[in-house]
Number of protein chains: 2
Amino acid sequence: MFTVQMIPEAQRRIAPYVLETPLLRLPALDEALGCRVYVKLESMQTTGAFKLRGAMNRALSLTPEELSRGLVTASSGNHGKGVAYAARMLGTTAVIVMPWTAPAIKVEAVRALGAEVVQCDVTERFARAEQIRAERGATLIPPYNDLFVMAGQGTIGLEIARQQPDLDAVVIPVSGGGLLSGVSTALRAEAPHMKICGAEPAALPRYTASLAAGEPVSVESKPTLADALVTQRPGDLCFPVVRQNADRIVDVEDDFTLRGMKVLLTEGKLLAEPSSCIGMGAVLQGALRFRPEEKVCFLISGGSVGLEQLRLLDTV
Amino acid sequence: MFTVQMIPEAQRRIAPYVLETPLLRLPALDEALGCRVYVKLESMQTTGAFKLRGAMNRALSLTPEELSRGLVTASSGNHGKGVAYAARMLGTTAVIVMPWTAPAIKVEAVRALGAEVVQCDVTERFARAEQIRAERGATLIPPYNDLFVMAGQGTIGLEIARQQPDLDAVVIPVSGGGLLSGVSTALRAEAPHMKICGAEPAALPRYTASLAAGEPVSVESKPTLADALVTQRPGDLCFPVVRQNADRIVDVEDDFTLRGMKVLLTEGKLLAEPSSCIGMGAVLQGALRFRPEEKVCFLISGGSVGLEQLRLLDTV
């Protein structure tokens with residue numbers, strides 16, 4: 001059972017290892033997005049993404065004996081980096097299972113943190129991590145479907161509520177739902193007036209499909225430029241929290257996500273990975289609409305992007 | 001005579017038209033730059049650069065009759081944008097004289113603000129602006145050598161001193177010296193413990209040459225990637241202020257400036273134009289050195305850069 005009390009507990013636990021990231025007002029984006037634009041910059045988090053928060057909170061909940069047998073996870077990259085960093089900080093080992101489709105920059109970043117990388121097909125990654133867990137007695141740190149991970153991500157919500165309490169809405173990228181369930185729980189408690197919106201890739205509409213079905217269902221694995229948002233099925237622990245808290249979940253085409261990335265870079269002067277820009281994509285697509293006077297914070301979830309990927313922006 | 005009192009006056013005058021820009025702590029850059037890194041983001045200023053502050057302060061000092069005859073200036077781009085924006089805000093016209101070498105993005109930006117653009121050789125730009133002033137009775141707004149312009153740029157110093165009073169040093173890009181003279185005057189008054197460093201392109205070392213000579217001297221016009229820092233001679237009004245206030249002025253090779261731009265983008269997740277990154281270039285070149293515990297703020301002066309210019313970063 002996920003409770004709001006787990007989030008301030010997580011905040012105290014992980015504080016020595018994570019940054020309170022900046023929340024900025026970006027008037028340069030108001031015209032393009034049709035509202036008063038704010039950004040919460042987890043792209044500037046240590047390891048380059050919010051994922052460190054959840055991974056660190058889970059790792060810090062282990063006994064010394066558990067920790068000594070190492071950590072293992074399956075991850076499209078940023079969570080893997082978070083687990084690798086947590087292992088290094090806490091003096092243990094990490095194995096990171098990554099899909100072949102993960103960008104080279106993310107694979108290299110994990111190896112640079114001293115972790116072992118095992119690559120496989122995207123659909124096999126959880127089975128492979130489970131196999132490594134069983135063989136080595138390591139602790140599996142799930143990317144989203146875990147109460148400690150959800151609570152760790154939720155610490156972003158506490159920061160948002162304190163940094164900009166007068167926001168009207170927060171827009172959050174969605175994959176398995178760890179980020180959205182954690183942040184929405186914190187915001188419902190600390191800032192219940194804020195509208196909470198989730199944005200997922202149209203290629204993998206696992207939340208809109210599951211909300212329509214009333215329970216978690218799987219969608220087909222399809223490619224998306226939002227390579228950090230490739231989960232096929234909502235987390236069982238995340239789904240009921242998201243269903244209760246989210247005002248809107250919308251599906252966003254890659255082209256609009258890329259346009260969001262372009263406007264954030266060219267007008268906002270901020271670099272973020274495509275997945276992080278899906279909320280801005282949702283507005284550019286017309287899937288989310290705000291009034292000009294509404295204060296809307298876009299959660300920029302990570303910044304793991306190679307300069308060569310910026311060529312993609314010439315296409316939109 | 002430039003006095004520190006002109007700066008809070010400028011702040012009150014321009015406040016309705018300019019943003020207080022963010023000053024961020026960027027731990028991700030500490031390793032590369034060998035100190036505790038902060039950035040003051042004038043790249044996020046309205047019109048994309050600090051230049052709006054000085055131009056707006058000068059324009060707001062005019063009588064209605066003077067204002068009605070229009071504004072004119074010579075500028076490598078960002079100052080022109082500032083003057084064009086000031087003219088539009090105050091309901092008058094602007095003519096902007098720009099060198100042929102100015103990036104297309106800057107020329108287009110000025111035209112988009114409704115100003116008339118006249119292009120010429122970089123060495124002829126001041127004479128051409130003067131000619132237009134005489135012909136039309138317009139007011140010439142100098143890019144740096146003007147007390148109102150210096151005071152407007154100085155408002156950044158007031159913001160820095162308030163936003164992060166415990167800084168050990170501030171590093172400032174230098175061309176004619178308007179920014180450095182204004183900001184250093186504010187900081188000497190509000191935060192006299194801060195070390196003040198200026199960085200200019202090695203191709204146009206007008207300040208190191210002039211400081212050595214004890215008076216403003218001209219250097220040869222040479223190309224530099226720092227296209228906003230192409231002034232050949234310090235401003236007569238700026239020079240004595242810079243000489244009195246600056247602890248160090250260093251000359252930086254373009255390659256190091258580009259490396260600064262690359263580290264700011266890839267590690268810091270912030271896009272800035274090459275000229276803005278010359279302070280980081282100075283540290284990467286070894287021309288400026290700080291101790292690891294020193295808190296150093298790099299003034300990021302503008303963000304006018306086209307995506308096609310990012311290809312330059314592949315070369316360093």
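## Terms and model

A residue is buried if 20 or more other C-beta atoms lie within 10 Å of its own, exposed if 12 or fewer, and partly exposed in between; C-beta atoms are placed from the backbone. Helices (H or I, at least four residues) and strands (E, at least two) are DSSP runs, numbered from the N terminus.

This is a predicted model: local features need pLDDT of at least 70, side-chain atom pairs count only at pLDDT 80 or more, and totals for chains, interfaces and linings use all residues. Residues are numbered from 1 along each chain as its sequence is written, while chains are lettered from A and ligands numbered from 1 in the order in which they are written.

## A covered helix in chain B

Helix α13 of chain B spans residues 278-285, and eight of its eight residues are buried. Among them are B:Ile278, B:Met280, B:Val283 and B:Leu284. What do the buried residues of α13(B) pack against? Their partners in chain B are α2 (30-33), β7 (169-173), β8, β9, α12 (254-266) and β10 (295-300). Contact here is between residues whose C-beta atoms, placed from the backbone, lie within 7 Å. After α13(B) comes B:Gly286, with a positive phi near 90°.

## The sheet of chain A

Strands of a sheet pair through backbone hydrogen bonds, either parallel or antiparallel. Two strands count as paired if DSSP finds at least two bridges between them. In chain A, six strands make an open sheet in the order β1-β2-β10-β7-β8-β9, and the pairing is mixed. β1 (23-25) and β9 (248-252) of chain A stand at the edges with a single partner strand each, so one side of each has no neighbour in the sheet. The twist averages 25° from one strand to the next. Axes are lines fitted to C-alpha atoms, for helices over the stretch in contact, and angles run from 0 to 180 degrees between N-to-C directions. Helix α9 (residues 178-190) of chain A packs on the sheet and touches β7, β8 (195-201) and β10 of chain A. Its direction makes about 160° with that of β7(A).

Strand β10 (residues 295-300) of chain A is mostly covered, with five of its six residues buried. It runs parallel to β2(A) (residues 36-41), joined by six bridges. One pair there is A:Val39 with A:Phe298. Three bridges join β10(A) to β7(A) (residues 169-173), also in parallel. Here A:Ala169 stands opposite A:Val296.

## The nonpolar core

Nonpolar side chains tend to be buried together in soluble globular proteins. A nonpolar core is a set of buried Ala, Val, Leu, Ile, Met, Phe, Trp, Tyr and Cys residues joined through C-beta atoms within 7 Å. The largest has 216 residues, and A:Val39, A:Val170, A:Val171, B:Val39, B:Val170 and B:Val171 touch the most other members. Not counting residues up to four places away in sequence, A:Val171 touches residues including A:Cys197, A:Leu288, A:Val296 and A:Phe298.

## Two chains, one axis

How is chain A superposed on chain B? A rotation of 180° with 0.0 Å of shift along its axis does it, with RMSD 0.0 Å. The two copies are thus related as by a two-fold rotation axis. Superposition is by least squares on the C-alpha atoms of residues with pLDDT of at least 70 in both copies. In chain A, A:Leu270 comes closest to the axis, at 2.4 Å (C-alpha). The same surface serves both copies: 100% of the contact residues of chain A recur in chain B.

The contact takes 17 residues from chain A and 17 residues from chain B.

Key: Contact = placed C-beta atoms within 7 Å.
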